[in-house]
Amino acid sequence: MRIGIMSDIHDNVWALADALTRVQGCEALLVLGDLCSPFTITAIAEGFAGPVHVVWGNNDGDKLLITRNADRAGNVTLHGDIAELEIAGRTIVMTHYYDVARAVAQGQAHDLVCYGHSHRQRLDRVGDTVLVNPGEVMGRFGVRSVALYDTDTGEAEIVEF
């Protein structure tokens, strides 16, 4: 099973449309915060057919309306500031922040730990744990990217667009 991972959209719905094409074929999508406006979660929900898991970032404006839009979508789960999931037999932690992600990864109790916030893509291993920042959808630093994780192999890759 393949899982798409994205972060730091910051309302750039044009780049989001491109990002969603990169994660087509994935069976789940992890969104690591900084959606910004409520219309962004709607665009994600409509553009991705499978389950979408979201954690808050530091730039998620109207959380009440984002929550209402997510509830209406039917395929979106909002988890708060941090989430621990099990998908296809893999344990996954999602957060927006590196310090939290790094501390969790050092415990080596999870297969995948994801974070965003810095807008900089990064892929590391801490023992058997994959630690990934998919980079940014927004394009603030000129390179847009998402990450893909394969639950069968336990490997991740970053895809620029």
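Trainee: What radius of gyration does the protein have, and what would a compact globule with 161 residues have?

Mentor: This is a predicted model, in which local features need pLDDT of at least 70 and side-chain atom pairs count only at pLDDT 80 or more, while totals for chains, interfaces and linings use all residues. Residues are numbered from 1 along each chain as its sequence is written, and side-chain values use heavy atoms, without hydrogens and water. The radius is taken over C-alpha atoms, and the globule rule is 2.2 Å times the number of residues to the power 0.38. For 161 residues a compact globule would have a radius near 15 Å, so the protein agrees with its 14 Å.

Trainee: How many helices and strands are there in the protein?

Mentor: Both are DSSP runs numbered from the N terminus: helices are H or I with at least four residues, strands E with at least two. The protein has four helices and 11 strands.

Trainee: Which residues of helix α1 are buried?

Mentor: Buried means under 20% relative accessible area (1.4 Å probe, protein chains only). Of the 161 residues of the protein, 50% count as buried. In α1, residues 13–22, they are A15, L16, A19 and L20.

Trainee: Why do the buried residues of α1 line one face, and what do they pack against?

Mentor: An α-helix has 3.6 residues a turn, so residues three or four places apart point the same way. Down the axis of α1, the directions from the axis to the C-beta atoms of the buried residues fall within an arc of 145°, so these residues line one face. They pack against β1 (2–6), β2 (28–31), α2 (38–47) and β10 (145–150).

Definitions and conventions: Contact = heavy atoms within 4.5 Å.
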